[in-house]
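This briefing is intended for a reader who is meeting the structure for the first time. Please keep the sequence and the model in view while reading.

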Amino acid sequence: MRMAIDRLLKKRDVPFHLFDVSLDKASDPQLQELSKDLGLNLSLDEMKRVREHFRSLNRDPTDVEIQSLAQAWSEHCCYKSSKVFLREHIFNIKHEDVLSKGDAGVMAFDDEYGYALRIESHNHPSAIEPYGGAATGIGGIVRDVLCMGAQPIGLIDPLFFGPIDRPVELPAGAKSPRYLMGGVVSGIRDYGNRIGIPTIAGGIWFDESYAGNCLVNVGCIGIVKRSELVTNAVKGTGDVLILVGGRTGRDGIHGVTFASAELKASSEDESRGAVQLGDPITKEPLIHACLEVNSKGLIHGMKDLGGGGLSCVVGEMALSGGCGAEVDMDKVPLKESGLAPWEIWVSESQERMMLAAPRKNVKRILEIFDLWDVNATVIGKVVPGKKVKLLFDGVQVFDMDLEFLTAGPEYCRPSKVQSPQTKRTEVFPKLPMDFDKILLKMLSDPNIASKEWVVKQYDHEVRGSTIVKPLSGKINLRGPSDATVVKPLPDSYRGLAVAIGVNPWFTSHDPYRGGATSVDEACRNIVAVGGRPHALTNCLNFGNPEKPERLGELKEAVAGMGETAKILNLAIPSGNVSLYNEAPTGSCLPTVTVMGLGIVEDIRKCVTTDLKREGNALYLVGRTKAEFGGSTLFRTFGGKGGEVPDVDAKLLQKSITSLNACMASEMLRSCHDVSDGGLAVALAEMCIGGDVGAEIDLSVMNPLPNTVSLFSESNTRWVVEVEKGREKEFLDRMAVPVTRIGQVGGNSLAISNEGLVLEKPVDVLRERWSKPLWELLV
Amino acid sequence: MKSEDIKVCVLRIEGTNCEEEMFQAFRQLGASPEKVHLKQLIGKCSVDMRRNLPDYDVLALPGGFSAGDYVRAGAIFAARMKSSLSKELKAFVSKEKPVIGVCNGFQILVELGLLPAMDGIMSDHPQAALYTNSSARFECTPTLLKHENKGKCIFTNGMAKGKIVMFPCAHAEGKLMFEKSKEKKMLDKMEENDQIVFRYVDPEGNYAGYPWCPNGSLSNIAGICNPAGNVMGMMPHPERVMYRYGHPDFTRTGENPNSAGDGRAIFESVVDRLVRKA
């Protein structure tokens with residue numbers, strides 16, 4: 001077989017690496033072998049389609065051409081398995097405030113400015129090389145925001161690892177969760193802190209299913225003057241293409257094709273070269289220079305080099321402008337000599353951007369990049385006709401029709417929707433008699449415990465515009481924040497609230513409700529700090545879409561997310577799908593990471609989670625039901641099945657409006673959403689940050705059993721502290737169910753229901769909540 | 001001099017990344033800051049981009065990771081300045097023009113020998129070091145500082161001695177150290193010269209260990225000035241708390257979120273001084 005494959009690769013008589021690939025004569029098995037051998041990761045049908053195309057041209061493709069197709073047609077680049085669902089539930093969401101749906105979505109911030117948002121995955125690279133994988137994940141997402149002309153103003157990193165508090169069985173080749181977590185956090189820290197963009201939000205989730213498939217999601221937001229919003233396209237045939245930033249090397253070859261397959265034991269050896277090397281000290285000045293040439297009106301278009309490298313960026317930029325391009329590949333600055341043309345074309349080396357600019361501006365553009373000692377090189381020009389041609393050493397190595405190149409396949413693969421878990425399937429766990437024990441155990445669960453160990457390593461205040469920080473409360477006694485608020489403009493009090501919503505356990509029990517919950521949670525968090533939910537972006541992390549059950553999960557979760565967003569009138573101007581998060585031990589939990597953005601009308605009125613003053617009344621907003629499917633209680637104490645909390649989007653909408661109104665008139669002193677661990681954990685966290693206790697009487701929630709009142713994770717709920725004397729005003733404003741559950745006071749969280757249910761000093765709660773990660777990650 | 005006539009050079013190279021908030025701090029007080037790349041001061045750019053250090057009234061070195069800080073923090077930026085700008089720098093400092101360095105800027109001033117500069121304007125070799133935090137971690141956290149200067153430092157003229165302020169810090173290398181054998185002598189001399197500006201404290205104003213002192217700095221020192229008082233360096237970031245709403249607990253304290261944040265006094269002191277002077 002090997003010999004046969006070699007015979008299909010015909011070396012051209014040129015002084016560099018260039019092969020013609022004899023598809024025309026290849027048998028089906030040979031086509032499959034070629035795909036594997038060249039690292040294309042294309043299916044037999046896809047290879048056949050390529051063969052047909054070149055048969056119609058009466059020639060064979062070069063290795064540069066076939067490699068380019070493999071990039072463009074990868075799951076990562078063309079969403080071939082997921083597009084059918086996204087079109088049905090996401091792409092059709094219309095919103096008047098969407099300014100652009102480019103590499104990042106851009107929404108109206110105020111009359112003069114827009115904000116950019118995007119989140120994506122860097123899962124596979126981080127599983128192989130956590131430090132570099134995470135760092136270059138940040139690098140990539142920052143470029144997506146930058147290429148809209150936006151100044152990046154915040155990074156958001158939701159991370160998912162195997163358990164760190166108990167032994168875990170690792171699939172062959174997988175690295176230990178603690179090692180991965182340490183590497184990923186360091187990578188984000190060293191890259192994010194160096195480029196000077198604050199890491200403001202995120203989270204860490206732990207579950208066995210992530211042991212073989214860690215997930216590293218990276219988000220970024222930016223701010224852009226509407227007049228400086230730039231397209232990711234060339235303008236016309238007068239433009240030249242200027243490659244700026246880092247040099248091109250052999251790092252990051254086949255990143256996207258690697259990301260579009262399952263991880264296996266041999267991935268480490270085979271795909272190490274797919275992980276790029278980051279260089280924040282090229283990125284930092286690159287940001288300045290790109291923003292400067294854009295704000296001076298010197299460029300027509302800008303796009304980042306990410307997955308697929310030059311092969312994707314040149315074609316996409318040219319085609320978006322209705323043109324083609326000719327590129328002189330000898331001009332591309334290289335890290336080392338001797339790269340084959342196909343390697344230069346598909347390399348995903350970091351810190352690179354492509355600018356399209358009129359020729360007359362080239363001199364000024366190069367001067368600006370020169371001040372920052374950043375490479376800027378004219379490598380090609382825009383030409384009429386939707387074709388890209390590449391020259392290397394005077395030889396044409398590539399001549400492709402862009403419409404064929406970018407028209408990746410789209411599949412309607414078989415999917416199987418399994419019936420969700422319900423009350424009927426519920427096995428209620430045997431709980432300790434003592435509610436204190438339940439609460440303390442939950443507070444120490446790494447999924448709930450303080451993430452201070454991580455938070456303090458990230459500079460979350462650089463740029464001086466972080467208003468609500470990731471931790472809230474008294475200095476060095478702080479509790480969690482629900483959302484982070486940044487103030488992007490020096491002369492405006494308008495702010496942006498950023499929050500993550502994700503519950504993989506809910507999603508695995510009931511994908512539709514899990515998708516809906518992600519939206520609910522992101523909105524809850526935004527509302528809790530005083531924001532009005534405005535836009536969402538998402539990163540959908542799922543297993544192998546060629547398995548019908550996996551695809552069924554994706555289908556339902558997308559529907560749950562999209563339909564909820566529609567009712568709430570939330571825009572979804574960008575998004576990302578990451579499939580094949582699957583190791584030999586199984587798939588990761590279906591993980592719908594929603595990043596929500598909210599508008600804060602006046603950052604001076606923001607509210608935080610920490611309790612403020614003794615005597616203020618505490619209310620529970622929303623309805624509590626016995627919904628335990630996927631809950632922390634069940635996971636901690638061994639419950640099974642059960643109904644996943646539903647989302648009533650209309651009720652959520654009303655809650656948002658009511659709470660926004662209350663915060664605008666400054667009657668709420670603290671507010672915390674009720675999520676993991678239910679009401680008991682929410683109250684404990686509020687006490688921790690405020691360094692004060694609370695007296696709670698659950699009798700108002702009867703006939704609900706105490707277990708339900710305290711630990712149910714029903715959606716669309718908040719605990720609020722109302723300023724003394726304004727209770728009536730508060731009740732008048734609230735158009736949703738509200739229950740007065742107690743008041744702020746004392747040194748303990750004391751919960752009663754016709755007798756004491758639970759009482760723990762705040763110091764003990766803090767100790768149990770604050771310490772676990774510090775102790776586990778020494 | 002009117003405040004808008006005060007020209008502030010906010011100096012940067014690649015990896016300097018706190019220039020925006022430093023720029024805004026001076027701008028909000030009505031001064032005229034400008035973000036200037038080192039290459040613009042030493043003529044390595046096109047003619048229209050060139051600038052001259054003597055034309056400025058204040059030099060501000062912002063925080064960040066200049067040149068990546070892949071060797072000792074601040075060392076590369078300092079070396080570039082020393083090789084190409086020494087004369088101008090010395091002249092700037094001897095004219096008692098204000099120089100402020102925050103975080104990486106402080107590290108650069110120490111590497112340059114402009115701090116503590118106990119025997120004059122600029123020592124030939126660094127007299128101190130800002131070493132890796134005792135925790136060996138990057139520490140992004142609010143810190144409480146006690147103002148300890150008796151009146152020498154021109155950046156804290158507007159601040160009562162003993163006042164406790166909150167400036168956030170964010171660094172991995174902030175532990176002030178002297179050569180072990182000279183430690184006591186140096187410290188005594190710094191006290192004698194009134195060169196200590198801020199020390200880390202707990203909420204009661206006591207000198208305390210981690211986490212109140214985030215880096216294990218000698219004698220809890222957070223910020224120092226030169227003997228003349230016109231060059232100040234500190235690890236925490238006053239420019240991040242120009243307004244109360246920048247404080248991590250502003251939702252708790254009931255103070256007007258619009259009122260001055262603790263960091264404002266640093267910039268006000270120097271702007272007021274320059275306004276009064278001329």
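The model is predicted. In chain B, strand E4 (residues 99–102) pairs with strand E3 (residues 58–61) and also with strand E11 (residues 231–234).

**Strand E4 of chain B and its partners**

- The pairing of E3(B) with E4(B) is parallel and runs over three bridges.
- Within E4(B), B:Val99 has B:Leu59 standing opposite.
- A right-handed β-α-β unit is formed by E3(B), helix H3 (residues 75–94) of chain B and E4(B).
- E4(B) and E11(B) are likewise paired in the parallel sense, over four bridges.
- B:Met234 in E11(B) is the bridge partner of B:Val102.
- B:Val99 and B:Gly101 point one way from E4(B), while B:Ile100 and B:Val102 point the other way; all are buried.

**Contact between chains A and B**

- Chain A contributes 35 residues to the contact and chain B contributes 36 residues.
- On the side of chain A that touches chain B, the elements giving two or more residues are helices H9 (177–195), H12 (280–295) and H15 (362–371) of chain A.
- That side of chain A comprises 14 nonpolar, seven polar and 14 charged residues.

**Nonpolar core**

- In soluble globular proteins, nonpolar side chains tend to be buried together.
- The largest nonpolar core holds 333 residues, and those with the most contacts inside it include A:Leu241, A:Leu355 and A:Val485.
- Setting aside neighbours within four places in sequence, A:Leu241 is in contact with residues including A:Val314, A:Ala325, A:Ile379 and A:Lys381.

Key. Residues numbered from 1 in each chain as written. Chains lettered and ligands numbered in written order. Predicted model: local features only at pLDDT ≥ 70, side-chain atom pairs only at ≥ 80, totals over all residues. Buried ≥ 20, exposed ≤ 12 C-beta atoms within 10 Å, placed from the backbone. Pairing = 2+ DSSP bridges. Right-handed = clockwise from strand over helix to strand, strands pointing away. Contact = placed C-beta atoms within 7 Å. Nonpolar A, V, L, I, M, F, W, Y, C, P; charged D, E, K, R; others polar. Core = buried A, V, L, I, M, F, W, Y, C linked by C-beta atoms within 7 Å.
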